[in-house]
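Dear colleague,

Please find below the structure that I am handing over to you. My notes on what was found in it follow directly after.

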Amino acid sequence: MALVLACLAGTTGCGGAEDGTEEPRSFVSVWTTSPSPSPLASSQAPAADDPDGPAAAYRAWLGALAARDAARACALQAPELTIELRQRAILEDRAEQGDPCVGFEALLWEDPVRETDPRGVEVTQETAEDAVLAVDLAGVDLTVRMVVADAAWHVLDESPRAAAGSAADTGRWVRAWCSLEVGSGLDEVVQAMGGPSGVYTVSDGGEPQLWWAAGQYDFRAYLDGDGADARVLDLVGDYDALGAADRARLDCPELR
């Protein structure tokens with residue numbers, strides 16, 4: 001893949017799932033997230049055992065997966081997650097456009113690395129419209145984003161939490177992000193942001209892109225091709241899960 005080779009030729013190599021970096025968050029989940037609402041007036045995180053809270057809703061969703069209850073699991077997840085799962089099912093010849101969620105929800109519990117018995121679920125951020133959870137599992141720690149729809153909490157997406165020692169990289173991403181410009185070349189972007197967490201190419205089945213992702217941080221540069229001469233078409237940052245200090249430093253729009 002020309003894009004991968006181009007990244008490897010830079011000063012910093014491209015990471016990926018095999019070396020422990022985060023799998024890419026889908027384009028649809030970044031694109032459809034609501035703007036950041038105002039934080040809770042209280043500085044204390046909401047209790048994780050609130051029976052009507054986001055943590056309880058996430059545990060209920062995992063319970064439905066464990067019980068292979070497709071209808072229940074589908075009802076507890078956001079439409080964006082269902083759309084993503086349907087696209088995966090279509091690629092695997094297990095669904096067609098318009099098929100109901102219950103027909104392909106099994107993809108989640110059939111995943112060999114799927115865990116449904118968390119050791120801990122902590123609400124790290126909550127507003128009236130969305131929430132972020134820190135989930136501890138035996139094999140992986142997750143950041144889970146929840147959204148409110150029809151007056152109830154729903155699972156929007158899951159992503160592996162950043163490994164220890166990544167603070168320097170995330171700080172660099174926040175500092176450099178607003179200096180990037182549409183039309184920039186690959187070398188300029190990597191020089192500013194550092195080696196990406198990973199890449200997508202056309203042959204991977206996605207839009208060509210570089211991404212820098214760890215925990216609540218997710219920044220993406222969409223490209224006009226796979227080659228070393230590719231240039232930036234769009235810059236998309238997901239600001240919703242970031243803390244107030246990081247958001248204050250990002251004076252550019254989430255989408256450019």
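Alanine 151 lies in the loop between strand 3 and strand 4, where strands, like helices, are DSSP runs numbered from the N terminus (helices H or I, at least four residues; strands E, at least two). Its phi is near 65°, a positive value in a residue other than glycine. Alanine 151 is exposed, with a relative accessible area of 79%; exposed means over 50% relative accessible area, buried under 20%, and partly exposed in between, with a 1.4 Å probe and protein chains only.

Please note that this is a predicted model, in which local features need pLDDT of at least 70 and side-chain atom pairs count only at pLDDT 80 or more, while totals for chains, interfaces and linings use all residues. Residues are numbered from 1 along each chain as its sequence is written, and side-chain values use heavy atoms, with hydrogens and water left out.

The hairpins

Strand 3 (residues 141–149) and strand 4 (residues 152–160) pair in the antiparallel sense over eight bridges; two strands count as paired if DSSP finds at least two bridges between them. Alanine 149 has alanine 152 in strand 4 as its bridge partner.

Strand 3 is also joined to strand 2, antiparallel, by seven bridges, and valine 132 stands opposite arginine 145 in strand 3. Four residues lie between strand 2 and strand 3 in the hairpin that they form. On strand 1, the antiparallel pairing with strand 2 runs over six bridges, with glycine 120 opposite aspartate 136. Strand 1 and strand 2 likewise form a hairpin, with three residues between them. Strand 2 is mostly covered, as six of its seven residues are buried.

Helix 3 (residues 54–66) has 13 residues and reaches 18 Å from its first C-alpha to its last, close to the 18 Å expected at 1.5 Å a residue; the expected span is 1.5 Å times one less than the number of residues. Among its buried residues are Tyr58, Trp61 and Leu62. After helix 3 comes arginine 68, whose phi is positive, near 55°.

In soluble globular proteins, nonpolar side chains tend to be buried together. A nonpolar core is here a set of buried Ala, Val, Leu, Ile, Met, Phe, Trp, Tyr and Cys residues joined through side-chain atoms within 4.5 Å. The largest such core has 32 residues, of which Tyr58, Trp61, Leu133, Val135, Val144 and Met146 touch the most other members. Elements that give two or more residues to this core include helix 3, strand 1 (120–126), strand 2 (130–136), strand 3 and strand 4. Helix 3 gives the most, with seven residues. Apart from this core lies another, of 24 residues, among them Trp173, Leu180, Phe219 and Val232.

Tryptophan 61 touches, among others, Leu81, Leu108, Arg114 and Val155, not counting residues up to four places away in sequence; contact means heavy atoms within 4.5 Å.

Tryptophan 177 and its surroundings

A search of the whole structure finds two aromatic pairs. In one of them, the rings of tryptophan 177 and phenylalanine 219 have their centres 4.9 Å apart and their planes at 45°, so the pair is tilted. Rings of Phe, Tyr and Trp (its six-membered ring) pair if their centres lie within 6.5 Å; planes under 30 degrees apart count as stacked, over 60 as edge-to-face and the rest as tilted. Because tryptophan 177 lies in helix 7 (residues 167–177) and phenylalanine 219 in strand 7 (residues 217–223), the pair ties together parts that are 42 residues apart in sequence. Both residues, tryptophan 177 and phenylalanine 219, are buried.

The charged end of arginine 256 sits over the ring of tryptophan 177, 5.4 Å from its centre; this requires NZ of Lys or CZ of Arg within 6 Å of the ring centre and within 35 degrees of the ring normal.

Threonine 170 also lies in helix 7 and is buried, with a relative accessible area of 8%. Leaving aside neighbours within four places in sequence, threonine 170 is in contact with Ala214 and Tyr217.

The protein as a whole

The protein has nine helices and eight strands, and 46% of its 256 residues count as buried.

With kind regards
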